[in-house]
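Let's take a friendly walk through a protein model, one region at a time. Have the sequence and the 3D view ready, and look up each residue as we reach it.

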Amino acid sequence: MDVRSLRYALTLAEELHFGRAARAHFIAAQAFGRRIQELERELGTRLFDRTSRRVSLTEAGERFLPRARRVLAQLDALMEAAEGDPAEPVLRIGVLGYGLADRWPVARSVLARCRPDLDLTYVELDWANQYDAVRSGEVDVAIVHDVGGHDDLFVETVMDTGRYAVVPADSDLADADRLTGTDAWERPWVAPVGQPGLADWTGGRTARNRVEVRSPTHIPIAVATTGCLGLHGEPAARFFPHPGVRYLPLEDGPRATVAIACRKRDRRGTVAAFRNAVHASTAVDRLARDGAVRR
């Protein structure tokens, strides 16, 4: 049984409103509703009665959810106890898309010097779970696309990059040096989905036929498949090359922000070591860029 779905059900029991409960977890109402339905199918019974005007607990919900609340409290207590135990030198790193991009080698090198005992585990993230994976403890720390909606987490920016349009290779735009809003915004666009803040990052532009992607990794594939335009951070041109697309600088709009996310109460040395290594890689990158400018 999915622990995250249990948390969703408890929030819905408190709010008795799908929209408010979904917003409390920073996900779309439709995705929230699907998770509740999946939980009910697993249990073989309805926990909630829904009408067009109200949501209420069923008798099964009245019996089940207090027990779920106690179980989750026990799990949280176990997690807190485990966080103080340094015996397991494993760090689970959640990564969205290209993550730290060119900075990974320096970050790994610094981390290996300060914590040679530490084993790193990679967990692939998408926009829908990039914050929840940290909240639930599925990962110890994550490299995310900062689009807001994470006041309960500790999130710090480590990199921001220019925005690039991902253009089909056979498009009339493909030979341009760069694009502006007037060049491209009236075209159909691929829609990143999974976090409310993505709409602000994309300027609300979506494909007319609702071509949706849930991970930055899939944007060039979606563009090559549909002929729609996509939006990405500058490193994608190097990390996600595709023969069917071209990456062009896009002059207007907010930059792509990469950040470290961890739980606010997390004081483990392994997490602190990873954060320090990432900041060291940022400093090295800045030094290299300053040197290139001076040359």
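Five bridges join strand β7 (residues 163–168) to β11, and the two run antiparallel. Strands are said to pair if DSSP finds at least two bridges between them. This is a predicted model, in which local features need pLDDT of at least 70 and side-chain atom pairs count only at pLDDT 80 or more, while totals for chains, interfaces and linings use all residues. Residues are numbered from 1 along each chain as its sequence is written, and side-chain values use heavy atoms, with hydrogens and water left out.

β7 also has β10 as a partner: four bridges join these antiparallel strands. One of the pairs is R163 with G233 of β10. Together the three strands make an open sheet in the order β10-β7-β11, with antiparallel pairing. Because β10 (230–233) and β11 (245–249) each have a single partner strand, they stand at the edges, and one side of each is left without a neighbour in the sheet. From one strand to the next, the twist averages 35 degrees (axes are lines fitted to C-alpha atoms, for helices over the stretch in contact, and angles run from 0 to 180 degrees between N-to-C directions).

## Covered on both faces

How many of the six residues of β7 are buried? Six of the six are, so β7 is largely enclosed by the rest of the structure. Buried means under 20% relative accessible area, exposed means over 50%, and partly exposed is in between (1.4 Å probe, protein chains only).

In a regular strand the side chains alternate between the two faces of the sheet. On one side of β7 you will find R163, A165 and V167, and on the other Y164, V166 and P168, all of them buried. β10 is covered on both faces too: G230 and H232 are buried on one side, and L231 and G233 on the other.

## The five-stranded sheet

Another open sheet has five strands in the order β4-β3-β5-β12-β6, and its pairing is mixed. Its edge strands are β4 (119–125) and β6, each of which pairs on one side only. The twist here averages 20 degrees from one strand to the next.

Eight bridges join β6 to strand β12 (residues 256–263), and these two run antiparallel. To find a spot along this pair, look for F154, which stands opposite C262 in β12.

H150 sits in the loop between β5 (141–145) and β6 (153–161). Is H150 buried or exposed? H150 counts as buried because its relative accessibility is 13%. Its side chain makes a polar contact with the side chain of D146, at 2.7 Å. A polar contact is a pair of N or O atoms within 3.5 Å; within protein, one must be able to donate a hydrogen and the other to accept it, and residues adjacent in sequence count only if both atoms are side-chain atoms. Not counting residues up to four places away in sequence, H150 touches F26, Y131, R135 and V155, where contact means heavy atoms within 4.5 Å.

Y131 lies in the loop between β4 and α6 (132–136), α6 being a helix (a DSSP run of H or I of at least four residues). Y131 counts as buried because its relative accessibility is 0%. Leaving aside neighbours within four places in sequence, the contacts of Y131 include V144, H145, D146, H150 and Q195. The C-alpha atoms of Y131 and V155 are separated by 9.8 Å, and these residues are 24 apart along the chain.

## Cysteines and the whole chain

How many disulfides are there? The count comes to zero, a disulfide being a pair of cysteine sulfur atoms within 2.5 Å. C114 is partly exposed, with a relative accessible area of 44%, whereas C228 is buried at 4%.

The protein chain has 11 helices and 12 strands. Of its 295 residues, 47% count as buried. Among contacts with a separation of 6 or more, residues 24 or more positions apart account for 70%.
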